[in-house]
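Work through the exercises below with the model open. Each task is followed by a solution in steps.

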Amino acid sequence: MRRHTATALAVALLATGLTPVLLTAPASAAVARHHDDFNGDGHRDLAYRGGNDINRTGGAVTVVYGIAGGGLDTARPQKIHQDSAGVPGAGEEDDMFGESLASADLNKDGYADLVVGNPTEHVGSTEYRGAVTVLWGSQSGLSGGTGLSPVSGAGGHFGRDVATGDFTGDGSPDLAVIGGERTWLYRGPFTKTGGTGSVSRVEAGGSGWYAHGLTAGKVDGDGRTDLVVLGTQYGADDTPYHRIRFLKGSSSGLTTGPYKTFASGPWTAAIGDFDDDGDGDIAVGLPDHDGGRGAVTVWRGTSTGPSGSTTFTQATSGVSGSPEADDNFGYAVSAADANGDGHADLAVGVPQEDVEGNVDQGGVHLFRGGSGGLTGSRSSWIAQTVLGPADAYASFGGSVRLRDLTADGRADLAVGAQDRGIVLRGTSTVPTTAAALPLPEFGGGFPD
């Protein structure tokens, strides 16, 4: 999950673009091997919010497809918005189509589907009711879409965040959605006509709870996907408590687990097994910590759920740089194995880091997993200069994503800046800054 902004997106008024030619046989009627392989060719694809253009409003999504031999076909991006053929709705000035993203093979046809949140969508006379659209995967890529109906109580910025996973362990991907500042579980399977399994509200953790973010992953090693909900809970005296809640996947859905309270708001989170003990650890980004200096707290996973934590800042021994007000260390986080050693690693964005007089130049810390989990001594700094000359207000690290796009067993690092994005290929040490791959039509914001 990434930090949300109120900035509406705008992209070029173009019809859906070209997609790569499928080089393999069509996918079989089984869940896609990769949750982000939209055309079923066996290669991961990359979706993100589309770039800005004065000729359209309402937001868009850009999709870059994986190709044989590893990598991405950046020469033929696909652009999808609410004026694309088969996509419900229409682009409007206040819309934020693509503000939240997640993917999974929701209808189990062998092609991954993309879930797109548009939390400021106006529906009829209801302003900012919000909308969630499922863009369907196919042999030729994403094509057409179906709107997800909010149940009673879910209206009001429906789609503020979305997350997918097999929370019930029945083999059908499910979908969690924030709407009305609550979290709703839509059980799979899904159909192109709008059908879903049962829908229920989750996170029964007492009154005064308001959710704003989600991240999904496997924490307790039981094989089911678990969910972490980020939010605020108000006490009887209206005191706000910044918390995350662990919701355990179970055959009956998501069940309430422990919560953790922070002094500042948790804006983003990622789940990865940093110590390779079979249980996923929860890394929580706290960019407002200590006057905006920022922090990341790792809530360690166990077989019974998360327990115990360690906090990292730029003052942690071995971490490059020093904490300064408004650096926003932890603004974006993502977890995966970047060097192929079997331990998940953690990318941490610091988009407002000042570097040698360049205000808000930004950068990314990569913490490598290993025995005992993450440490400052196993961290590396990736500077904004990988994009080109040092630049003030670049906000490099505003979004990050670790996933193996080249099928070599090492996660590649996608990094977003203010108006540009790149992919750095994973190596046996840290992602290489050589031959960085620019991302076309980039507007920021990767899915989890």
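**Exercise 1. A loop threonine**

Does threonine 168 count as buried or exposed, and at what relative accessibility?

Solution. The model is predicted, so local features need pLDDT of at least 70 and side-chain atom pairs count only at pLDDT 80 or more, while totals for chains, interfaces and linings use all residues. Residues are numbered from 1 along each chain as its sequence is written, and side-chain values use heavy atoms, with hydrogens and water left out.

Step 1. Take the classes: buried is under 20% relative accessible area, exposed is over 50%, and partly exposed is in between, with a 1.4 Å probe and protein chains only.

Step 2. Threonine 168 has a relative accessibility of 8%, so this residue counts as buried.

Step 3. Locate threonine 168: the residue is in the loop between strand 8 and strand 9 (174–179). Helices (H or I, at least four residues) and strands (E, at least two) are DSSP runs, numbered from the N terminus.

Step 4. List the contacts, meaning heavy atoms within 4.5 Å. Apart from neighbours within four places in sequence, threonine 168 contacts Asp174, Arg187, Arg224, Ser250, Ser251 and Gly253.

Step 5. Valine 430 is 262 residues from threonine 168 in sequence, and their C-alpha atoms are 35 Å apart.

**Exercise 2. A strand leucine**

Find where leucine 413 lies and which residues this side chain's residue touches.

Solution. Step 1. Leucine 413 belongs to strand 25 (residues 412–416).

Step 1. Its relative accessibility is 0%, so leucine 413 counts as buried.

Step 2. Beyond residues up to four places away in sequence, leucine 413 touches Ala347, Val364, Ile382, Val400, Arg401, Leu402, Ile422, Val423, Leu424 and Pro431.

Step 3. Arginine 403 is 10 residues from leucine 413 along the chain, with 6.8 Å between the C-alpha atoms.

**Exercise 3. Aromatic pairs**

How many aromatic pairs does a search of the whole structure find? Classify two of them by geometry.

Solution. Step 1. The search gives seven pairs. Rings of Phe, Tyr and Trp (its six-membered ring) pair if their centres lie within 6.5 Å; planes under 30 degrees apart are stacked, over 60 edge-to-face, and the rest tilted.

Step 1. For phenylalanine 158 and tyrosine 186 the ring centres are 6.4 Å apart and the planes are at 55 degrees, so the pair is tilted. This pair links distant parts of the chain, 28 residues apart: phenylalanine 158 is in the loop between strand 7 (145–148) and strand 8 (162–165), and tyrosine 186 is in strand 10 (residues 182–186). Both phenylalanine 158 and tyrosine 186 are buried.

Step 2. Tyrosine 210 and tyrosine 234 make an edge-to-face pair, with 5.9 Å from centre to centre and 75 degrees between the planes. Here too distant parts of the chain are linked: tyrosine 210 is in strand 12 (residues 209–217) and tyrosine 234 is in strand 13 (residues 226–234), 24 residues apart.

Step 3. Tyrosine 210 is partly exposed, at a relative accessible area of 31%. Tyrosine 234 is also partly exposed, at 38%.

Step 4. A cluster of ring pairs joins Tyr48, Phe442 and Phe446.

**Exercise 4. Backbone details**

Which residues does a cis peptide bond join, and what is phi of lysine 108 and of glutamate 441?

Solution. Step 1. The cis bond lies between glycine 188 and proline 189, with omega about 0 degrees. Proline 189 is in the loop between strand 10 and strand 11 (199–201).

Step 1. Lysine 108 is a residue other than glycine with a positive phi, near 55 degrees. Lysine 108 sits in the loop between strand 4 (100–104) and strand 5 (113–118) and is partly exposed at 30% relative accessibility.

Step 2. Glutamate 441 likewise has a positive phi, near 50 degrees. Glutamate 441 is in the loop between strand 27 (437–438) and strand 28 (442–444), and is partly exposed at 35% relative accessibility.

**Exercise 5. The whole chain**

Step 1. Of its 448 residues, 57% are buried.

Step 2. In the chain, 54% of the contacts with a separation of 6 or more are between residues 24 or more positions apart.
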